[in-house]
Amino acid sequence: MRHGSAAAKIEATPKPTLKGKSAIVTGSTSGIGLAIARAFAAQGMNVLINGLGEQTHIKRHRMAIEKDFGVNTAYSGADMSRADEISAMVEHARSAFGEVDILVNNAGIQHVAPIETFPADKWDAIIAINLSAAFHAMRAVVPGMKKRKWGRIINIASAHALVASPFKSAYVASKHGILGLTKAVALETAEHGITVNAICPGYVLTPLVEKQIPETAKARGISEEEVVRDVLLHAQPTHQFVTADQIGALAVFLCSDSGAQITGAAIPIEGGWTAQ
Ligand code: NAD
């Protein structure tokens with residue numbers, strides 16, 4: 001290759017590394033969030049863990065991350081239904097790591113019931129945790145990202161951001177909502193080195209899904225085995241669950257330099273569900 005050619009220049013440009021960057025992953029005491037936190041730590045990122053649960057379990061997860069990957073962790077027990085606690089979580093990450101380079105809005109809850117008996121308090125909680133929390137967290141981290149001209153925001157949406165299922169009115173509304181929010185903030189930040197994307201997973205066998213199996217059985221009047229076979233895995237043409245680690249790997253890719261031109265996107269990882 002001739003010196004001075006555009007290709008030579010591109011090859012000579014060192015690729016920015018993720019090592020030493022700092023991330024907040026909400027809802028990372030369990031399931032998908034925990035897998036993303038571990039995948040980030042494996043790249044050398046410092047991670048703030050957030051979520052509910054037994055303090056001893058959370059401490060064990062943090063110690064395992066620090067020992068396995070040699071990074072620093074912090075923990076915030078901020079309740080994602082409360083704007084003031086979300087601001088405090090972002091401040092906590094700043095004081096622990098200096099900056100927030102990456103934000104993953106992952107905390108989420110589900111409730112399955114027909115619309116006419118859907119509890120109003122469950123609607124409020126699902127909208128607050130699955131949707132409004134992402135708004136509060138993004139508005140707190142974007143100014144710093146703009147200043148440093150680099151940032152990655154990943155919203156863990158769902159296949160239910162793209163299509164609906166019965167008996168999940170609040171969840172489907174929150175996930176369609178977060179996709180709109182993702183696109184709006186992506187456009188606002190596109191010229192600032194910041195990308196904002198939504199990952200749209202199909203079914204992953206986490207506590208969130210395990211809990212909805214009996215609820216779905218009740219709502220549909222079928223057995224729990226039928227829920228797994230005829231509802232969950234039936235939705236996905238591969239007839240396999242997505243794994244949390246596969247979502248972690250996708251999140252790492254979006255943070256990498258290779259993902260720099262992906263923004264405002266809804267990225268399905270759902271065994272072909274929404275291709276049907
Ligand atoms: P999970 O129940 O294993 O984990 C949820 C996490 O959110 C936990 O850490 C929990 O403590 C935290 N959380 C819940 N309420 C909170 C609150 N008020 N404040 C702070 N943290 C709170 O569930 P998961 O399956 O890992 O789900 C993670 C995300 O992935 C959710 O947004 C969910 O909607 C989405 N998702 C899951 C699936 C799936 O099949 N499991 C599919 C698509 C999308």
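A: Strand β4 (residues 102-105) pairs with β5 in the parallel sense, over four bridges; strands here are DSSP E runs of at least two residues and helices are H or I runs of at least four, numbered from the N terminus, and two strands pair if DSSP finds at least two bridges between them. Val104 has Ile154 as its bridge partner in β5. The model is predicted, with local features needing pLDDT of at least 70 and side-chain atom pairs counting only at pLDDT 80 or more, while totals for chains, interfaces and linings use all residues. Residues are numbered from 1 along each chain as its sequence is written, and side-chain values use heavy atoms, leaving out hydrogens and water.

The open sheet has seven strands in the order β3-β2-β1-β4-β5-β6-β7, with parallel pairing. β3 and β7 stand at the edges with a single partner strand each, so one side of each lacks a neighbour in the sheet. On average, neighbouring strands are turned by 20° against each other, direction ignored.

From β2 the chain crosses through helix α3 (residues 55-69) to β3 in a right-handed β-α-β crossover (clockwise from the first strand over the helix to the second, with the strands pointing away from the viewer). α3 lies across β2 and β3, at about 160° to β3; axes are lines fitted to C-alpha atoms, for helices over the stretch in contact, and angles run from 0 to 180 degrees between N-to-C directions. In β3 (residues 73-76), Thr73 and Tyr75 point one way, Ala74 and Ser76 the other, and all are buried (under 20% relative accessible area with a 1.4 Å probe, protein chains only). In a regular strand, side chains alternate between the two faces of the sheet.

Helix α9 (residues 244-255) lies across β4, β5, β6 and β7, at about 160° to β6. The buried residues of α6 pack against α5, β5 (151-156), β6 and β7 (266-269); among them are Leu181 and Val185. Both of these residues are also in contact with Met138, as are Leu103, Ile153 and Val196, among others (contact means heavy atoms within 4.5 Å).

Met138 is one of the residues touching the most other members of the largest nonpolar core, which has 35 residues; such a core is a set of buried Ala, Val, Leu, Ile, Met, Phe, Trp, Tyr and Cys residues joined through side-chain atoms within 4.5 Å. Its largest share, 10 residues, comes from α5.

Note on methods: Buried means under 20% relative accessible area, exposed over 50%, partly exposed in between (1.4 Å probe, protein chains only). Lists of a residue's contacts leave out its neighbours within four places in sequence.
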